[in-house]
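Subject: Structure for your review

Hello,

Please find the structure below, with the sequence. My notes come after it.

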Amino acid sequence: MPRNTVMGLLVVLVLVAGAAGSWRLGRVVSGSSGPGDGDWALSDHEPPVVSAYLYAGSHRQQAARIPCYCGCWDLGHASLHDCFIAGGGDFEPHASACAVCLDELADLRRILESGEGVEAARAYIDAAYSGLGKPTNTP
């Protein structure tokens with residue numbers, strides 16, 4: 001996909017997320033994961049990763065109700081939300097390189113977009129990923 005197309009898609013997604021009022025536009029546009037962090041930028045990632053981060057940012061409450069099974073509990077994560085969004089609301093780089101996090105979020109998205117609720121998504125994710133090990137301690 002040409003870079004102009006990718007950047008155009010990113011701008012559209014940013015505007016949609018900003019219009020929803022659920023994302024801090026400064027962080028999306030800059031792609032920064034935090035103040036002074038020059039090592040990680042959302043804009044450096046492929047469109048599926050960018051889309052996942054934007055979806056997590058606009059569905060924070062739902063992602064916060066899903067446990068993550070990638071082993072990130074030892075990083076202090078409490079839910080799938082924490083794999084994408086850090087405590088201060090900035091990006092958390094972890095999920096950009098974690099297939100489990102990206103897959104879980106894709107499953108959450110698919111289930112919610114099918115019209116089922118977060119409870120159905122959690123039941124599916126618990127059943128599908130529990131064999132990977134200890135989940136985050138998600139209420």
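This is a predicted model: local features need pLDDT of at least 70, side-chain atom pairs count only at pLDDT 80 or more; totals for chains, interfaces and linings use all residues.

The largest nonpolar core holds 30 residues. Those with the most contacts inside it are Tyr 53, Leu 80, Cys 83, Phe 84, Cys 101, Leu 105 and Leu 108. At least two residues of this core come from each of helices H3 (47–58), H5 (81–84), H6 (99–113) and H7 (118–129). The most is given by H3, with seven residues.

Now to H6. This helix has 15 residues and spans 21 Å from its first C-alpha to its last, close to the 21 Å expected at 1.5 Å a residue. Cys 101, Glu 104, Leu 105, Asp 107, Leu 108, Ile 111 and Leu 112 are its buried residues. Viewed down the axis of H6, the buried residues fall within an arc of 155 degrees, so they line one face of the helix. In general, an α-helix has 3.6 residues a turn, so residues three or four places apart point the same way.

The cover over the buried residues of H6 includes H3, helix H4 (60–63), H5 and H7. On the other side of H6, Ala 99 and Glu 113 are exposed. Just after H6, Gly 115 adopts a positive phi of about 100 degrees.

Regards

How values were computed: Residues are numbered from 1 along each chain as its sequence is written. Side-chain values use heavy atoms; hydrogens and water are left out. A nonpolar core is a set of buried Ala, Val, Leu, Ile, Met, Phe, Trp, Tyr and Cys residues joined through side-chain atoms within 4.5 Å. Buried means under 20% relative accessible area, exposed over 50%, partly exposed in between (1.4 Å probe, protein chains only). Helices (H or I, at least four residues) and strands (E, at least two) are DSSP runs, numbered from the N terminus. The expected span of a helix is 1.5 Å times one less than its number of residues. The arc is that of the directions from the helix axis to the C-beta atoms. Contact means heavy atoms within 4.5 Å.
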